[in-house]
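Dear colleague,

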Amino acid sequence: DEFGAWIDEWTETNSLPSRLKVELAFKKPDGRAAILCDILSCEVFSPDAARYHLAEAEKGDAQAQYSLGMMYSNGNHVKKDFKEATKWWHKAAEQGNVSSQTLLVLSYFRGEGVSKDLVTGYAWNHIAEINGAADDLFGDDILIYEKVKSLARKMTYAQMNKAIRMATRMINKNPKLMK
């Protein structure tokens, strides 16, 4: 349905964001096929919007920090840089931004932009779950959550317990982690 809506918008408005989303529906920049979460998590920005998000992110706006992380993750008007993406997601996650918390989980589980660390990733997962990440799943959120569950199966119970204790310490140290 969303794909059809994007095509309709593209043909009616010839808008750049929709055009890029439609192109992403067929392939990634490296030629590989895009999967649904690639398409749904892609946030397209104009250069003016990029400057605006950067200015707001530097002021501490959590939503702008999340968006800037998405820009770096997807390479929209900036060079693709997972380290920079996780930096901005971390700043937003520290303020209780659940989307950023969930993306940090994947970053730590995959070792993208940060050192691979299942325990820290699972700690962020625990915080995101407390914040309701699993309660309102649709679109790419459910795909991310399913991927997290799949990656978490590789952990031992000792690692999970260590992560939960870590999450508790993180919340006690910074109550803003909770939305």
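Predicted model: local features only at pLDDT ≥ 70, side-chain atom pairs only at ≥ 80, totals over all residues.

T120 itself is found in helix α8, which spans residues 118-130. With a relative accessible area of 11%, T120 falls under the 20% limit and is therefore buried.

Overall composition

The protein contains ten helices and zero strands. Read along the sequence, its pattern is accordingly α-α-α-α-α-α-α-α-α-α. Of the 179 residues in the protein, 43% are buried. The accessible surface comes to about 10,100 Å², and carbon and sulfur atoms account for 53% of that surface. Among contacts with a separation of 6 or more, 55% link residues 24 or more positions apart.

Helices α8 and α10

Helix α10 covers residues 157-173, and its axis lies 8 Å from that of α8, at an angle of about 60°. The two helices are therefore oblique to each other, and their crossing is right-handed. On the α8 side, the contact is made by V119, T120, Y122, A123, W124, H126, I127 and I130. On the α10 side, the residues involved are Q159, M160, K162, A163, I164, M166, A167, M170 and I171. By class, this contact of α8 with α10 comprises 13 nonpolar residues, three polar and one charged.

Helices α5 and α6

Helix α5 (residues 62-74) and helix α6 (residues 82-93) have axes that come within 8 Å and cross at roughly 165°. An angle over 145° counts as roughly antiparallel, and α5 is therefore roughly antiparallel to α6. The crossing of this pair is left-handed. From α5, the residues A62, Q65, Y66, L68, G69, M70, Y72 and S73 take part in the contact. They meet F82, E84, A85, W88, W89, K91 and A92 of α6. The contact of α5 with α6 includes ten nonpolar, three polar and two charged residues.

Helices α6 and α7

The axes of α6 and α7 are 8 Å apart, and the helices pack at an angle of about 135°. This angle makes α6 oblique to α7. The crossing of α6 and α7 is left-handed. T86, W89, H90, A92 and A93 are the α6 residues in this contact, and they meet S100, Q101, L103, L104, S107 and Y108 in α7. The residues here divide into six nonpolar and five polar, with no charged residue. W89 and A92 of α6 take part in the contact with α7 and also in the contact with α5.

Helix α7 runs over residues 98-110, and V98 lies in it. Is V98 buried or exposed? Its relative accessibility is 15%, and V98 therefore counts as buried. Leaving aside neighbours within four places in sequence, V98 is in contact with A128, N131, A133 and K179. V98 and A128 are 30 residues apart in sequence, and their C-alpha atoms are 5.6 Å apart in space.

Yours sincerely

Methods. Residues numbered from 1 in each chain as written. Heavy atoms only, no water. Axes fitted to C-alpha atoms, helices over the stretch in contact; angles between N-to-C directions. Helix = DSSP H or I, 4+ residues; strand = E, 2+ residues; numbered from the N terminus. Parallel < 35°, antiparallel > 145°, perpendicular 65-115°, else oblique. Left-handed = near helix turned anticlockwise from the far one by under 90°. Contact = heavy atoms within 4.5 Å. Nonpolar A, V, L, I, M, F, W, Y, C, P; charged D, E, K, R; others polar. Buried < 20%, exposed > 50% of the residue type's maximum accessible area, 1.4 Å probe, protein only. Areas by Shrake-Rupley, 256 points an atom, 1.4 Å probe, with all protein chains shown as cover.
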